[in-house]
Amino acid sequence: MSQYLLKDVSVVGGAPTDVLINDGVIAEIGAGLNAGEATVIDGSGTIALPGLVDLHTHLRQPGKEEAETVLSGSRAAAAGGFTSVHAMANTNPVADTAGVVEQVWRLGNEAGLVDVRPVGAVTRGLEGSALAELGAMADSVAQVRVFSDDGKCVHDPVIMRRALEYVKAFDGVIAQHAQEPKLTEDSQMNEGIISGQLGLRGWPAVAEEAIIARDVLLADHVGARLHICHLSTAGSVEIIRWAKSRGIKVTAEVTPHHLILTDELVTSYNPVFKVNPPLRTQADVEAVREGLADGTIDIVATDHAPHPSQDKDCEWVAAAFGMTGLETALQVVHTTMVKTGLINWQQVADRMSYAPANIGRVTTQGQAIAVGAPANITLFNPNTEVVITAEQSVSASRNTPFAGMKLAGSVQATFFNGRPTVLDGKLV
Ligand SMILES: [Zn+2]
């Protein structure tokens, strides 16, 4: 039996108290608890949050293990305070059958650092033309509830309609990567003043917004759940706000990088800033922050997209899209949303734990820190300032866009089902 006493922690922003973990479960909460046999963790000054849940992670296994594996990605997740991640389906082979999602699920269990939930592909081979084995993946041991062709848009409206109809039967959700393909052929960065100056092919906001507008109407028509991945424009926020006001069952995510970085960084031509959807303008950053604060955007999801150096250390046009994000997500949210007074710690717990678990229908995660709940807890010290370096990353890849930037706060400890995966800011 393992016991831990988290001493003087602020539970989701409340007054300092103690939390006793006994055999994987939160056994007691209160000031001045007796340690007894328990290992004491000094948590003074830290915020205790429910273990973070990511709805959008690329773990790259099977097929691109030099970028990340389920194990290395699980390590990065734990280091960032996560206790659960959803592994996207654009692997090789694609996670479009029960066999592949069960393989990913098993690898997650073997790694044992976070709860790994495989996302199933919507269409066979992500090719957009025929539905994947949605029912078989839902019925598999992985119990898939989130389906996405992420990396590609489900652009055929008939396929999208059929997918929404299909997953409705088992309360699944289609997570759409909203990118109209014709409007973004060979696009390299946000379409605007800077793309014009740099001579790079633009990626108009309307390419995202047109798909979101279409799909909220389809979701309304079918009465099924729709989730929008990595929403990045002010116009997208407006469409989601309208859809929610109509009672349409849509949820949306924003990435940490879209909360803080803008397309001005592309003037460096450093491919670390190349990402899909692209970094947008300061006005878009303000709009997504406001949307996250008022609940129009439900969650923060990392879109952690590791790439080996040969795919990023090259000229802009040849480089792969994507950034890592698991290890820095909470720091970015703290810096951009909490320190600015836009949201409080209760809302951080909601946007990064309760709500993503609920969208993914993960019942064992995203629970409030309360007696009897599984001990999935993150201790975050908000009083530090950290200069991010790529070298300190525990991901197998180094493509963090935050290298050299100062972010506020750091993850001190992560407990996954009562067991520490991170202590003193380091992996156990
Ligand atoms: Zn995507």
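## Overall fold

Among contacts in the protein chain between residues at least 6 apart in sequence, what percentage join residues at least 24 apart? The answer is 74%. Keep in mind that this is a predicted model.

The secondary structure of the protein chain comes to eleven helices and 19 strands. For 428 residues, a compact globule would have a radius of gyration near 22 Å, and the protein chain comes out at 20 Å, which agrees. Laid along its principal axes, the C-alpha trace spans about 65 × 45 × 45 Å. As for burial, 61% of the 428 residues count as buried.

## The zinc site

Let's turn to the metal. Three residues coordinate the zinc ion: Asp-150 through OD, His-177 through ND1 and His-230 through NE2, at 1.9 to 2.3 Å. Along the chain, these donors follow the spacing D-x26-H-x52-H. Asp-150 and His-230 link distant parts of the chain, 80 residues apart. Asp-150 sits in the loop between strand E9 (146-147) and helix H4 (157-168), while His-230 sits in the loop between strand E13 (225-228) and helix H7 (234-245).

Which strand pairs with E9? That's strand E10 (residues 173-176), in the parallel sense and over two bridges. In this pairing, Val-146 stands opposite Val-173 in E10.

## Aromatic pairs

How many aromatic pairs does a search of the whole structure find? It finds five. One of them joins Tyr-4 and Phe-415: the ring centres are 5.3 Å apart and the planes are at 65°, so the pair is edge-to-face. Tyr-4 belongs to strand E1 (residues 3-11) and Phe-415 to strand E17 (residues 406-416), so this pair ties together parts that are 411 residues apart in sequence. Both Tyr-4 and Phe-415 are buried.

Then there's Trp-345 with Phe-380. Why does this pair count as tilted? With centres 5.8 Å apart, the planes of Trp-345 and Phe-380 are at 55°, which falls between the 30 degrees for stacked and the 60 for edge-to-face, so the pair is tilted. Trp-345 lies in helix H11 (residues 345-359) and Phe-380 in strand E16 (residues 377-387), so here a helix and a strand are tied together by residues 35 apart in sequence. Trp-345 is buried, with a relative accessible area of 12%, and Phe-380 is buried too, at 0%.

## A ring cluster and a charge over a ring

Ring pairs also link Phe-147, Tyr-166 and Phe-170 into a cluster.

Where does Lys-274 lie relative to Phe-321? Lys-274 is over the face of Phe-321, at 4.6 Å from the ring centre.

Notes
Residues are numbered from 1 along each chain as its sequence is written. This is a predicted model: local features need pLDDT of at least 70, side-chain atom pairs count only at pLDDT 80 or more; totals for chains, interfaces and linings use all residues. Side-chain values use heavy atoms; hydrogens and water are left out. Donors are N, O and S atoms within 2.8 Å of the metal (3.2 Å for Na, K and Ca); water is not among the atoms, so sites may look incomplete. Helices (H or I, at least four residues) and strands (E, at least two) are DSSP runs, numbered from the N terminus. Rings of Phe, Tyr and Trp (its six-membered ring) pair if their centres lie within 6.5 Å; planes under 30 degrees apart count as stacked, over 60 as edge-to-face and the rest as tilted. Buried means under 20% relative accessible area, exposed over 50%, partly exposed in between (1.4 Å probe, protein chains only). A charge sits over a ring if NZ of Lys or CZ of Arg is within 6 Å of the ring centre and within 35 degrees of the ring normal. Two strands pair if DSSP finds at least two bridges between them. The radius of gyration is taken over C-alpha atoms; the globule rule is 2.2 Å times the number of residues to the power 0.38. Contact means heavy atoms within 4.5 Å.
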